[in-house]
Structure formats: structure tokens, C-alpha cells
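Reader: Walk me through this structure, one feature at a time. Please give the rule before the case.
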Amino acid sequence: GDAIHFADGVQLNVPSLLTLDATTLSGAASINSSTLVLTNTSNITATANQLSPGTGAFAANAGFIDIQGNVAISDVAVTRLQSRSDIRGRGIDAKLKSTASLTAPGAIELDAAQIYPATATDFTVTATGPDSRIQVSNSAHGSSAVPLSATGSLTLNAETIVQGGVIRAPLGQITINAPGSLTLTPGSVTSVSAEGSLIPYAVTVLGGTELADAPGTINNFLKV
């Protein structure tokens, strides 16, 4: 599939929206933008064994980070995504149930007020390799309300996982696979609760008072 190759140590500073669309992002880079979208709109998904470890870091800092579709990063040792608000995973298919993923060798560091899947999205983060590691943090101690998202799932896969931030999947599922070591630090939040929020789901019909989540099916708004 298509790939974006970064010259080693390249720095990108974009004051507005930056979208990177490729099957694979390759090489060390430093990226700063107000909003960052990492996406793969092709029908090709890079597998873990197609990704090569490197020595540098893919480091991105943005006001908001959106991961759309199945995104892979290669030829790095660390993938570091730092958002001043949220990191969200969502699908690119125009259908109710969709998938999103972030896969990279070595270590994946996610720093945000909260990390969550969009509605009905299966969002998977996988660090590959024998010493793979995922670290979740909220270093800025940013506050976060329950997102308007429902029935999604969030899965973290790595040999070692440190969950020190806020991960949510309201009315959905969170799975953490860490065969080597799993640490949930004091103050971290791992939640599937909607906390009483009113979350619109699927397509509004009948003037917006009811919702259709499948052809011929109408349900009331979710409130849990």
C-alpha cells in the first residue's frame, strides 16, 4: 500500500489541521499541529510482521488527535502521541459498526485527557516486538467529560502496559492484553460507564426524538 516516509528527524509545524493518509507512516518525525488526523483510507492494512523496528521516535503533539481506520507506523522505536485534549479512534466506513487501529513496533506512548473509541467503533492499539510497551498518561492532568460515544470497544495489546491515564468506552468494552506486566496506577481511570449521560446513537428519525440503529429498527435514546 501507499506509505509516507519521513526523512530522519524531520519536523513539521502546522498551525491548523494536518491529515496524514497512508497505509504506513515510516521513520522518525516531530509533528506539531492544532488538530492531527492519522488515517488510512485505503483497503490495505499493514500487518504486525510488515512493520520494522527503528531507533528514533514518531512524536506528535496536537490539540486533538483522531485516528481513523487502520494506521500503522514503522521504522521507529517509540510512537509518542500527545494531545492537549483527547485521542479518539474511529472508523472510516460509512456504516454503524467500524474499526480503527494503531500498530507500531516497540513502545507506544499515549498522553491525553482521555482516550476512547467513537460510537460503535472497535479501536485497537498494538505495540509489537518482544519488549513491546504501551504507556497511557494524562501528564497535563486535563479534565474530561464522558464522550458522546456508545457501544465501542478499546483494546490495548503489548507485552507491558502501564495505564496511568483515562481510557473510556461508554456502554462498551475495554480489553487490556499484557502477558508480561500490567500496571494500573493510582488515580488512573478505566471506565465503560456512561455516568448518566444522554448519548445519541445512530441515525435520528421522526424529528430527532427516536433513533434507528438498523434498517427497520427504531430505538429510544440511550440513557444509562
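Reader: Which residue in strand 10 is the bridge partner of Arg88?

Author: Strands (E, at least two residues) are DSSP runs, numbered from the N terminus. Two strands pair if DSSP finds at least two bridges between them. Here, Arg88 has Tyr116 as its bridge partner in strand 10. Strand 8 (residues 86-90) and strand 10 run parallel, joined by four bridges.

Reader: What should I know about the model itself?

Author: This is a predicted model: local features need pLDDT of at least 70, side-chain atom pairs count only at pLDDT 80 or more, and totals for chains, interfaces and linings use all residues. Residues are numbered from 1 along each chain as its sequence is written, and side-chain values use heavy atoms, leaving out hydrogens and water.

Reader: What is the mean pLDDT of the protein chain?

Author: pLDDT is the predictor's confidence in each residue, from 0 to 100. The chain's mean is 89, and 87% of its residues reach 70 or more. Over residues 214-224 the pLDDT is below 50. Beyond near neighbours in sequence, that stretch has 31 contacts (heavy atoms within 4.5 Å) in the model.

Reader: Are the residues of strand 10 buried or exposed?

Author: Buried means under 20% relative accessible area, exposed over 50%, partly exposed in between (1.4 Å probe, protein chains only). In strand 10 (residues 114-117), all are buried. Gln114 and Tyr116 point one way, Ile115 and Pro117 the other.

Reader: How many aromatic pairs are there?

Author: Rings of Phe, Tyr and Trp (its six-membered ring) pair if their centres lie within 6.5 Å; planes under 30 degrees apart count as stacked, over 60 as edge-to-face and the rest as tilted. The count here is one. Phe6 and Phe58 form a tilted pair, 5.8 Å centre to centre with 50° between the planes. Phe6 is in the loop between strand 1 (3-5) and strand 2 (10-21), and Phe58 is in strand 5 (residues 53-68), 52 residues apart. Phe6 is buried at 13% relative accessible area, and Phe58 is buried at 0%.
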